[in-house]
Amino acid sequence: AAPIRLRDYRRPPWSVDTVELDVDLGIDTAEVTARLVLRRDAEQSQPLRLDGEGLELLAISLDGRALDANSYRHEDSVLEVDGAKDGSVLETRVRLKPAANTALEGLYLSGSRETGFLLTQCEAEGFRHITFFPDRPDVLARYTVTLRADRERFPVLLAGGNPNGAGELEHGRHWARFIDPHPKPSYLFALVAGRLKNIRRDYITADGRNVALVMWSEANVIDRCHYALDALERCMRWDEKAYGRNYDLDVFHVVATHDFNMGAMENKGLNIFNAKYLLADPDSSTDEEYRAVEAVVAHEYFHNWTGNRVTCRDWFQLSLKEGLTVFREQQFSADMNSPSLKRIEDVSLLRRAQFPEDAGPLAHPVRPAEYREINNFYTATVYEKGAELVRMLAGSLGPDGFRRGMDLYFERHDGQAATIEDFLSALGDANSVDLMPYLSWYGQAGTPRLHAHGEYDAARKEYTLTLSQHTRATPNQPEKTPLPIPVKLSLFDHSGNVLPLHTDGQTPETEKVVVVSKASQPIVFRHIDAPPVPSLLRGFSAPVLLEYGYAPAELALLLTHDPDGFNRWEAGQHLAFLAFDSLHAPTDNDACGAWCDALASLFHGRAIDDALLADLMTPPGEIEFADRQTEVDPAKIHAHRQELQRRLAAHIGIETLHARYHALNVGGDLKLDAGNQAKRQLKRRVLELLALVDADGAHALAAKQYESATGMTDRLAALGVLVRQRAPQAAKALAHFRERYADNPLALDKWFTVQAQVPGDAALASIRTLEIDPAFTLKNPNRARALFGTFASGNPSGFHRTDGEGYRLLTDRLAQLDALNPQIAARLATAFNGWQRLESVRREAARTALVALAQRGGLSRNLSEIIGNVLQ
Ligand code: B3K
Ligand code: ZN
């Protein structure tokens, strides 16, 4: 099939004003009756065509008259109906098979036939698996939904919107009705039915609405929903303050499921969450997972305005809601926790997940120009790079200007399906500036390289910094144009003092933003007494790759003296790259020595936050090192990265590490405050470093930590060290963990994950054993990701074997998985991104495996699009 293109967008010829859905629910079959009031676009004349997939059509009528077989055609995934007029009412009745739905899109069963519950997932195009409908986001309709089901099997019946009656029916059945007063696109429709428990809380919005906040889950985990409920209340308050946005229904339901293709879903009034991002308790969740729950709860809640009230005109505009909502979520998390730690986390995610995407065959713009399968475009580029673009816009307007712009955006587009242009216009108009130059960021793929070069003129006491940009070609985009790149910068002298910046006709500041919008731009700083050290791209002011020929000592200076935690980390990461390079090509400038010295003195100095110190002492990940090379040998990268850390550990010294470990290992009741989380994070880092210089000692400590841990953070950290290092104590701890969490699928996922992380050739045997474990199943996305996602995307030295067995194993499983759940198969297949830059032996092995998979035939649109793009 031909791709769908942005430039082909046309307004919908037919829309729907109101929808009445009657759903008769059962595990094996469900019947859906839909009554649509149609509206015809006066300027278009196409016949009525509705989307529908996998639906068995039982009855159809138009304006009250049953249609005979000549007046409609039902082919492939389209229903074409003759004779419809503006205002016509179309009624269809269809049959679905929830229990047979393994793709987890549309209406499906979570859990077992006996005890599980029914739920829906409609974004992006799942509603067409439920009823015939113009399933596109620019068709906004009012929904009335009536659910009917057996009361004993489905005591709880939920749909989006406000409750509007419920009652008994004959034969032990019951019904419940929901009306959503806000017009919404079909992708935000949801229903849930089954045996669920809840916890609830009353909430009064800033504008005075009483709202019932209700979290739902299966009975055995409802006690683990309290943290999420607290987080929900926090983010609702935050959105009222930060953006003046209030919640707009009488109820807000949130439901947890163990069977979900992604993190969570923002259905209007009825969010549905992967249990991984809703349940939290100290015994089974790590500190990181607590933060993730808070962030995802906020993300889905924030969608109520950025996504639901203002939605997307078409799926090309996906980043309009996703990039913006990720940005809002990042702001919220920064406010709740530490801004610099949050920025470090976000930037390292961008570099791990988005930069490689932008640098390989899957590169696409934040607003793609075409796609075959939209579910393949819920990517790090659309989400994380999209958030960086919003951050740049917000930065250029300042906090008050951005708020004014957002207010105007909501005012103009509430109740509409909008575009990226609408967003830029609203932000710009509210501030009388033209932000349209930023549109090119949305249309151009690839990470720009920002090259910086400094010249010092001692006679004139002038420092000239020349900033130039270049973006490499990406698939289908050979030519690139310069983009507006805001570069926030400061200058330091060689004692680490920040210098006042004198540029033309302005009062000196210590930090300045230069927007580089040409291919190359010089900027002159006056009254500079000696060659300065520039600190560039502060706060990561633009999503670019910075190229500046720092000397190790200059980076060490920034790492030690920059007052901003994020910039210190940046300097440390850059220095770690130099240190890594110096391992195989030792130079005079001992970068490794500089890195170790600077970190060791920060470690000894104790003037720095424990969590920041742990981040500083973590070099870039293996994927980031690979991203800078052309003949990638993942085994070598793993070995060199370990060697880098071993040198750091040796430099700090075994005694000192032991002492610090014990000082941090405070014991006692588990506390979740930031200080204690930071201690645990640093303790883990110290233990990992210790394991590189005193394996026996570290293993003994880890075994003890595993046994005495009062929470999952310490328990998993210890288990990770034992398993990844293949310590003699690992088997016992693994057996214990397995037993202890036999009934806790989220914790058991970690048991699979940690073993899939074993580096090097040992990983494969471990995967082969784990996949025949009775607890393993490809049918559960979390479990499949825990094992194969970790192996293929999170363990480069394990997956990229020279014999190609990793590739063969993965492609075999992808083919199996594709038959069950194409979205998950396609997602796992992105592990092959970057294969063209592997060294030749692995490259050939990867090519062979990929070609064999492509040639199997019968692959889903999801998987074939990814494999096709990866191979191009
Ligand atoms: N909007 C959903 C993602 C839907 C993915 C569809 N394949 C969750 C989120 O971004 O909040
Ligand atoms: Zn989202």
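**Reading strands, a ligand shell and burial**

Colleague: What is the order of the strands in the open sheet of four strands that has antiparallel pairing?

Modeller: The general idea comes first: strands of a sheet pair through backbone hydrogen bonds, either parallel or antiparallel. Here the open sheet of four strands runs in the order β10-β11-β16-β13, with antiparallel pairing. Two strands pair if DSSP finds at least two bridges between them. Strands (E, at least two residues) and helices (H or I, at least four) are DSSP runs, numbered from the N terminus. This is a predicted model, in which local features need pLDDT of at least 70, side-chain atom pairs count only at pLDDT 80 or more, and totals for chains, interfaces and linings use all residues. Residues are numbered from 1 along each chain as its sequence is written, while chains are lettered from A and ligands numbered from 1 in the order in which they are written.

Colleague: Which are the edge strands of the four-stranded sheet?

Modeller: β10 (106-110) and β13 (156-159) are the edge strands, since each pairs on one side only. On average, neighbouring strands of this sheet are turned by 15° against each other, direction ignored. Such angles run from 0 to 180 degrees between N-to-C directions, and the axes are lines fitted to C-alpha atoms, for helices over the stretch in contact.

Colleague: Over how many bridges do β13 and strand β16 pair?

Modeller: β13 and β16 (residues 191-194) pair over four bridges, in the antiparallel sense. To find the place by eye, look for L158, which stands opposite V192 in β16.

Colleague: What is the order of the open sheet of three strands?

Modeller: The order is β28-β27-β30, again an open sheet with antiparallel pairing. Its edge strands, each pairing on one side only, are β28 (512-516) and β30 (533-536). Neighbouring strands of this sheet are turned by 35° against each other on average, direction ignored. β27 (residues 485-492) and β30 share four bridges in the antiparallel sense, and F492 stands opposite V533 in β30.

Colleague: What do β25 and β26 form?

Modeller: They form a hairpin with four residues between them, and K461 in the turn has a positive phi of about 55°. A452 stands opposite L467 in β26. β25 also pairs with β31 (residues 545-547), in the parallel sense over three bridges, with L450 opposite L546 in β31.

Colleague: Which residues are around ligand 1?

Modeller: A residue counts here if its C-beta atom, placed from the backbone, lies within 6 Å of the molecule. The residues are E123, A124, M262, A264, M265, E266, H299, E300, H303, E322, N375 and Y378. β20 (264-265) and α2 (287-302) each supply at least two residues of this shell. The shell divides into five nonpolar, three polar and four charged residues. Ala, Val, Leu, Ile, Met, Phe, Trp, Tyr, Cys and Pro count as nonpolar, Asp, Glu, Lys and Arg as charged, and the others, Gly among them, as polar.

Colleague: Why does T325 count as buried?

Modeller: A residue is buried if 20 or more other C-beta atoms lie within 10 Å of its own, exposed if 12 or fewer, and partly exposed in between, with C-beta atoms placed from the backbone. T325 counts as buried because it has 26 C-beta neighbours inside 10 Å. T325 is in helix α3 (residues 318-336). T325 and H303 are 22 residues apart in sequence, yet 6.2 Å apart in space, C-alpha to C-alpha.

Colleague: Are F402 and I179 buried or partly exposed?

Modeller: F402 has 20 other C-beta atoms within 10 Å and so is buried. F402 belongs to helix α5 (residues 380-413). I179 has 17 other C-beta atoms within 10 Å and is therefore partly exposed. I179 sits in strand β15 (residues 173-184), and its C-alpha atom is separated by 5.1 Å from that of G161, 18 residues apart along the chain.

Colleague: Into which domains is the protein divided?

Modeller: Domain bounds come from an automatic or database domain assignment. They give domain 1 (4-195), domain 2 (311-443), domain 3 (449-542) and domain 4 (741-872). The centres of domain 1 and domain 3, taken over C-alpha atoms, are separated by 55 Å.
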